Amino acid sequence: MIYRGWNYRDILSVAALEEECFAGESWSYQMFAGSFVQPGFFGELCEEEGTDGKNVLVAYGCVQCAVDTADLMNIAVAPAYRGHGIGRTVLRRLVNGARRRGMQSLFLEVRKSNAPARGLYESEGFTAVSERKRYYPDGEDAVVMVTRLCPPALVAAGDDMGFSRDNVP
């Protein structure tokens with residue numbers, strides 16, 4: 001698997017995977033393209049090397065940063081690749097990217113019924129702080145979760161103490 005930040009050329013593939021994962025509620029190509037050009041936006045993705053020399057997008061996520069707070073806008077893993085730690089790795093890369101950009105908190109919304117995603121977020125240090133009633137188009141509530149981020153200087157100092165950027169709380 002190849003993990004990397006995504007660029008404008010990836011938006012078409014990201015939008016296609018978004019539609020596959022969230023049909024009826026997905027962001028459009030135009031929404032991703034509009035977000036991509038905003039200051040403070042960044043994304044991470046995972047590709048599998050294809051046998052024909054073309055990589056296949058299997059997961060992505062994106063974050064919007066403003067002042068000292070970041071919002072996880074989207075994260076998705078292709079159904080055939082779920083349960084293998086790919087989403088966790090993309091999430092960690094997004095958290096670390098927000099931390100490196102000086103963000104103090106990272107917020108997200110998740111469906112109240114999405115127990116696997118909520119479990120992943122909790123295991124990565126996110127805590128539920130509130131709910132947004134009828135947040136989703138079908139009327140389901142969203143749980144708002146947040147994790148506090150260490151300042152980049154503390155993360156760098158952790159490197160000298162044997163900690164990796166992936167496991168600093």
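V146 sits in strand β7, which covers residues 142–148. Leaving aside residues up to four places away in sequence, V146 touches S105, L106, F107, G125, F126, T127 and V129, where a contact means heavy atoms within 4.5 Å. S130 is 16 residues from V146 in sequence, and their C-alpha atoms are 9.6 Å apart in space.

A word on how to read all this. The model is predicted, so local features need pLDDT of at least 70 and side-chain atom pairs count only at pLDDT 80 or more, while totals for chains, interfaces and linings use all residues. Residues are numbered from 1 along each chain as its sequence is written, and side-chain values use heavy atoms, with hydrogens and water left out.

Now step back to the whole chain. The protein chain holds 5 helices and 7 strands; these are DSSP runs numbered from the N terminus, with helices being H or I of at least four residues and strands being E of at least two. Along the sequence, their order is β-α-α-β-β-β-α-β-α-β-β-α. The chain has 169 residues, of which 42% count as buried. Among contacts between residues at least 6 apart in sequence, 60% join residues at least 24 apart.

Which elements give two or more residues to the lining of the largest pocket? Begin with the space itself: the largest pocket holds about 1,000 Å³. A pocket is found on a 1 Å grid over the protein atoms alone, as an open set of points with protein on both sides within 12 Å along at least five of seven lines, and lining residues have an atom within 4 Å of a point. There are 31 lining residues, and F22, I75, N114, A117 and Y121 are the closest to the pocket's centre. The elements in question are β4 (69–77), α3 (86–100), β5 (105–111) and α4 (115–123). Strand β4 gives the largest share, 7 residues.

Charged side chains come next. A salt bridge is a side-chain nitrogen of Lys or Arg within 4 Å of a carboxyl oxygen of Asp or Glu, and the count here comes to 12. One of them joins R111 and E25, whose closest N and O atoms are 2.3 Å apart. This pair links distant parts of the chain, 86 residues apart: R111 is in strand β5, and E25 is in the loop between α1 and α2 (29–36). R111 counts as buried, at 16% relative accessibility, whereas E25 is partly exposed at 30%.

Another salt bridge brings together E109 and R132, at 3.3 Å from N to O. Because E109 lies in strand β5 and R132 in strand β6 (residues 127–132), the pair ties together parts that are 23 residues apart in sequence. Both residues are partly exposed, E109 at 24% and R132 at 39%. K112 and E131 also meet in a salt bridge, at 3.2 Å from N to O. K112 is in the loop between β5 and α4 and E131 is in strand β6, so this pair ties together parts 19 residues apart in sequence.

Notes
On a 1 Å grid over the protein atoms alone, a cavity is a set of points where a 1.4 Å probe fits but cannot get out, and a pocket is an open set with protein on both sides within 12 Å along at least five of seven lines; lining residues have an atom within 4 Å of a point. Grid points are joined across faces, edges and corners, and a volume is the space filled by probe spheres set on the points. Buried means under 20% relative accessible area, exposed over 50%, partly exposed in between (1.4 Å probe, protein chains only).
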